[in-house]
Amino acid sequence: MSDAPTVNLTNCDREPIHILGAVQPIGFLIALTADWIIARASENLAGFIGMSPGNAIGLPLAEIFTAPAMHELRNRTAMLRGADAIERLFGIELTPDGERFDVAVHLSRGQIVIEAERSIGEIGDVTGTVRSMIARLDQCDDLTAFFREGARQVRALIGFDRVMVYRFAPDGSGEVVAEACKPGIGRFLGLHYPASDIPAQARILYTRNLLRVIADVHAAPVPIVPQLDEKGEPLDLSLSLLRSVSPIHIEYLKNMGVDASLSISIVVEGKLWGLFACHHYSPRCPSFERRSVSELFAQMFSMRLESRERQQTVEFERRARDISDQLLGAVASDEALLRDPDWLADILTHAIPADGVGVWLSGSYAFSGITPPTEEFRRIVRALNATAAGKVFATDHIGSLIDDADKFSSAAAGLLAIPVSRSPRDYVVLFRSEMVRSIRWAGDPHKPVEYGPNGPRLTPRESFEEWKELVRGRSQPFSVSEMRVAETLRATLIEVVLRLADEASAERQQASARQELLIAELNHRVRNILGLIRGLIRQAQPEDEAVRDFVKVVDGRIHALARAHNQITEDHWGPASLQTLIDAESGAFVEGGDRIHAKGEPVMLNPQAFSTMALVVHELVTNSTKYGALSVPGGHVEFSWHRGARGDLLLQWRDIGGPAMVKPTRKGFGTTIIERSLPYDLGGEAEARYPETGFEADFCIPARHVSEPRSSTGPAIRFSQTAAGHREDPPADLLKGQNVLLVEDSLIIALDAEDIVTRLGADDVATASSVDAALDLITANPPSVAILDINLGSNNSFPIADALFDRQIPFMFATGYGEQAQFPDRHRGRQVIQKPYTIENIARTLAEMLG
């Protein structure tokens, strides 16, 4: 058994077919230096001009060719333009014996290469011949007839047994799309040939040298002497018309039973579209003149083909533009149509044939027709996100995009994705179902080939019997024209989506503005209600000391809720910081400095959890202030928290350095709030303990109520309460000698505020509930300081503020709207206090305002 590895036809790519060092015996070759000295010649030179290469090399060409021939050759050489230019002369007498030759001249690495064949002179009116051939082409109605007529014309001109129009597919394989042949030799029409049958370097030469003839596969090649020049390099025969043939290709043709072949390149838009592939089953060499005419015809054929394909594309794209205009017009009158996948699919599939359409917009999807399952569509979209952004993507094999696509390939095997945004990626995806088709190959393209007589080169496949392959998992490919149409539709869809996005953005802004207004109004009403309740309790309290203590406790709880409400509405009813809650509660009730040591990672609580914890922390601070560590000098509280394994927030409260703790004999309402609020309201856990060393409490807030802060300023933070929220009694003479104007539309809240400013030492307090009443008071008895509620029912207090501002009377605003309150430019930066009123916040703001 041989140890040689199994190989395939891609080994042909290593064949140096352009420097084989030989020509075919149908003519001779001479290579000249730049000063027209013979440097190389084919060994058959003597058979054509009567002088051997050994005698000719080193001589000026002018000593061998006639003067008229030299004149013509020099003129033609001067006409060479471009790297791949070839000039031709027909029926020229090269030598004095009068024999006529057809000559081709080109340049190869600085040398002038002359190739010549004996002239037959069989075609008279070349122009008329080509014109007649093209006229027949122009009468064809469609491309199929056009291809067939092209094959017939070439066969009539060169007389080969079989002429095929061979079209390359994007993967490099080829298909015979038209054929003209003599009867009785079988037909190749519809057969496919693998890409490896025409190696890559051969395809390159087909774009440089448009015509290739092999007159006799059995003829011995004629060497060029010397094989190597003074630099050790062989002659480059890329543009040679007589270039000999690779042994592999010779064997390939012999295996097909072909004795002569001729190929003419069909180049469309600068790319190798296909070939006129011609076979003859005995040696045959059309004259140089006929070959040149057939090459000219192929160039005209290519131009006509390019024109027809462009015309088809233009018509195709015109229809697509009409559909785009229809789409834009329809959506402009009824934007809901874009959300109708059936309507959208009907529009798009009229432009690009497809079996189904999937739409993916901002994570939402809709389907029409035959499409993949929903989860597979999600996988496809994720895979599409990895492709080039903003470009149409198409494949006839979804399996090349995602794994396990064969599970749904019968429904959707190919797709064309039209991106209609960049971030997030939105798509309209057209799907094509599987097209199970039988491809007829000229021999098994997958059959491995063993090493043969050509040494390291392989033996070409010997079997060209028809071999059928059943192709599954692929759809009808999307054409280049369809891709261009998809780009047109993409621009239209983006325009539509952007228009809808702009409209949706405007609607969202309007909705957001309405929501802001609603939240502000609700906040105002909640704060007013809380202020009203506090005012009612304080104004109605009797002189009994026990009742007064009770009122103070209730008032503290209401104020704790008010502070919590302020905090969570500052960010539009979003999560609020636990740190801020502790800071506010301890600052409001704890005398002294570093008494509550709070330690933990920054965390946010949702509104429900924040309000509940506000009451709990309020009771903890109040109890500790009355009975625990905060009731004695030197005592303090350790309050810490961290996230548990499941993301729950675990909190620990420890009284340290306080009086000996005794478990209460009964539970008051404050204890009930501490122990039952979190389990009842949040589904959490709470445990209170009363060791002699000091009160302890552990809490657990479920993870669903906890979130990370939007921006963290660093690791765990330790807080120290300072005078910023002190509980020191406000000075009783803060407003001594001041006449205060209170503008408030609620009587109870006005009475509460009046009581507060009186306690702060005001000499005279005037109240007004409307703009007109306040302006009358300012005119009659101007105040020395004023507090203005912004919202006065259907009016606001800004006209009052203007009057005070003009008189240079200091004033501040009060509001229940929080940060949503809007101020005129002249009053921006003015002090503002949040409702409900407390003596602390009024005193602090007045102190700042009055200096």
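Tutor: A search of the whole structure, which is a predicted model, finds 22 aromatic pairs. One of them is formed by Phe28 and Phe101.

Student: Why is the pair of Phe639 and Trp653 called edge-to-face?

Tutor: Its ring centres are 5.3 Å apart and its planes stand at 65°. The angle is over 60 degrees, so the pair is edge-to-face. Phe639 is in strand S24 (residues 636-643) and Trp653 in strand S25 (residues 649-656), 14 residues apart.

Student: How do you know whether Phe639 and Trp653 are buried or exposed?

Tutor: Buried means under 20% relative accessible area. Phe639 has 0%, so Phe639 is buried. Trp653 has 1%, and therefore Trp653 also counts as buried.

Student: What makes Arg74 a charge over the ring of Trp36?

Tutor: The charged end of Arg74 is 4.7 Å from the centre of that ring. The distance must be within 6 Å, and the charge must also lie within 35 degrees of the ring normal. The value of 4.7 Å meets the distance limit, and Arg74 is found to sit over the ring. Arg432 likewise lies over the face of Phe478, at 3.9 Å from the ring centre.

Student: How do you know whether Thr612 is buried or exposed?

Tutor: Thr612, in helix H14 (residues 607-627), has a relative accessible area of 6%. This is under 20%, so Thr612 is buried. Among the residues that Thr612 touches are Ser677 and Leu682.

Student: What makes the approach of the Thr612 side chain to Gln608 a polar contact?

Tutor: The side chain reaches the backbone oxygen of Gln608 at 3.0 Å. The limit for a pair of N or O atoms is 3.5 Å, so the distance qualifies.

Student: Why is Val258 called buried?

Tutor: Val258 lies in the loop between helix H7 (247-256) and strand S12 (260-268). Its relative accessible area is 1%, which is under 20%, so Val258 is buried. Its contacts include Val217, His279 and Tyr281.

Technical notes:
Residues are numbered from 1 along each chain as its sequence is written. This is a predicted model: local features need pLDDT of at least 70, side-chain atom pairs count only at pLDDT 80 or more; totals for chains, interfaces and linings use all residues. Side-chain values use heavy atoms; hydrogens and water are left out. Helices (H or I, at least four residues) and strands (E, at least two) are DSSP runs, numbered from the N terminus. Buried means under 20% relative accessible area, exposed over 50%, partly exposed in between (1.4 Å probe, protein chains only). A polar contact is a pair of N or O atoms within 3.5 Å; within protein, one must be able to donate a hydrogen and the other to accept it, and residues adjacent in sequence count only if both atoms are side-chain atoms. Contact means heavy atoms within 4.5 Å. Rings of Phe, Tyr and Trp (its six-membered ring) pair if their centres lie within 6.5 Å; planes under 30 degrees apart count as stacked, over 60 as edge-to-face and the rest as tilted. Lists of a residue's contacts leave out its neighbours within four places in sequence.
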